[in-house]
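Reader: Hi! I'm new to looking at protein models, and I'd like a close look at just one part of this one. Could you walk me through a pair of helices that touch each other?

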Amino acid sequence: MTKSEFFGSGERWLATLGRSGLTLMVLALGACSAGEAVRDEAARDETPSAEQGTGQLMDGALRLTLQPLEDGTGAVEYSLTNTSSEPARFLERDTALGGVFSNQFEVRRAGVPARYIGLSVIFTPPRPEDYRELAPGETQTTTIALTELYDMQPGEYSVLARARQAALMPAKGAGAASAEVAVDDTPLTVLVAERPLTRPAEELVEKAADPACVAECENNCLFLIDPGSIGLCISSCPADCESRNVGMFFIACTATEETQVAAARTKGSQIAAAGSAAVDTSPFYATWFGAPSTARTNRVKSVLNSSTNDVNNFVHKCLPAGRLVEPSTGIGCAGTNPSVTKPFFAATGGSRLGGDVGLCPDFFSGLNANGRAATMVHEATHHFGTDDFVSTPADALNLASSNANRAVESAENYENYVLEFR
């Protein structure tokens, strides 16, 4: 059974959920940070063992705080605290502790939003190792370089973390659960003094002096016009490769893959158009976007109309198994490469993808035809400002009922809505 069959309609999905519970299915970045695309039954069976769960947390038990670091750098300290009396085991990629894979912050200069230029990722199903645990009262921190995620020119910015939900490891015998991450509503002031360099000039070394760097760079980047041709390379080569437009990073899609992509584009465009035409009349609107209002329905129509065209126009690129896309966070395609710790189906954005959509082999082998079509729509909506506020169909349903304004900006909600018109 596929997700599209399992969730044939909002009513049937809810009835099934009530009888047997929902197997945890997660998108990170969501992507794309992001809801999960259609998987077959075998993929859904890969969800983590319920025996590892620690139970449900009340909303707000996970609290996120931001603190500015050195002025001018555009960097902030990101801290996540478990304020409850119970251990919290949550999906790391729904937060920024292991990297940022969706538009998780509101960054503004003089009230104008800074454009998000980071990755939006549709992850493969979560594994036990994808969860992180916080003991009661424990805080874990990381540094977020906002200038690598947003188009930030020199100046003063206000920064807020966007409220989001983190999927919890399911307790034994329980269905999917998530916790609303509490955030501060007071903007943080962050200064950017100048556009930062990927690596300072003093880290440049002679190519011959660092053969390990050269080998790493050539293996990961496969770039024929390597800076090594001028006798230089950067000693932290994977990070440097991430900053370059690597011409040989992708491979040619096979004839079968091109056929599947063409079918997904056609189907995705059809269901996005059908969903847009039905906004004012379909009960599925309320299921996935909540109470209608003129502003919200107009926003949904606009995103779907734009995505209908974009699905047929964005550039798609195939990546081989084991390809590492973002070395610093382990984002890549599943395979034998141990450096790929966060495998995904599809992604858009970032320094390597931009407005293009990168497709891993799992996109073709792990999703059915409806799943590939919905994934195309999901990624297209990111090109028109949607975010990965939630990462499962269950959370998308809850978002529709609890925060309609956020639901109409959620790629996961659009993905599930258009599946109703498959």
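Author: On the α6 side, the residues in contact are Ala-264, Arg-265, Thr-266, Gly-268, Ser-269, Ala-272, Ala-273, Gly-275 and Ser-276, and they meet Lys-301, Leu-304, Asn-305, Thr-308, Asp-310, Val-311, Asn-312 and Asn-313 of α8. Sort the residues of this contact by type and you get 5 nonpolar, 9 polar and 3 charged. Keep in mind that this is a predicted model.

Now for how the two helices lie. Helix α6 covers residues 255–277 and helix α8 covers residues 294–313. Their axes come within 8 Å and cross at roughly 165°. Angles over 145 degrees count as roughly antiparallel, so α6 and α8 are roughly antiparallel to each other. The crossing has a hand too: α6 passes α8 in a left-handed way.

One is helix α14, residues 411–419, which is mostly covered, with 9 of its 9 residues buried. Among them are Tyr-414, Tyr-417 and Leu-419, along with Glu-412 and Glu-415.

The other is Gln-104, which sits in the loop between β3 (88–91) and β4 (105–109). Buried means under 20% relative accessible area, so Gln-104, at 1% relative accessibility, counts as buried. Its side chain reaches the backbone oxygen of Thr-95 at 3.3 Å. Leaving aside residues up to four places away in sequence, Gln-104 touches several others, including Tyr-78, Arg-93, Tyr-150, Leu-160 and Arg-164.

Conventions:
Residues are numbered from 1 along each chain as its sequence is written. This is a predicted model: local features need pLDDT of at least 70, side-chain atom pairs count only at pLDDT 80 or more; totals for chains, interfaces and linings use all residues. Side-chain values use heavy atoms; hydrogens and water are left out. Buried means under 20% relative accessible area, exposed over 50%, partly exposed in between (1.4 Å probe, protein chains only). Helices (H or I, at least four residues) and strands (E, at least two) are DSSP runs, numbered from the N terminus. Axes are lines fitted to C-alpha atoms, for helices over the stretch in contact, and angles run from 0 to 180 degrees between N-to-C directions. Angles under 35 degrees count as roughly parallel, over 145 as roughly antiparallel, 65 to 115 as roughly perpendicular and the rest as oblique. A crossing is left-handed if the near helix is turned anticlockwise from the far one by less than a right angle, and right-handed if clockwise. Contact means heavy atoms within 4.5 Å. Ala, Val, Leu, Ile, Met, Phe, Trp, Tyr, Cys and Pro count as nonpolar, Asp, Glu, Lys and Arg as charged, and the others, Gly among them, as polar. A polar contact is a pair of N or O atoms within 3.5 Å; within protein, one must be able to donate a hydrogen and the other to accept it, and residues adjacent in sequence count only if both atoms are side-chain atoms.
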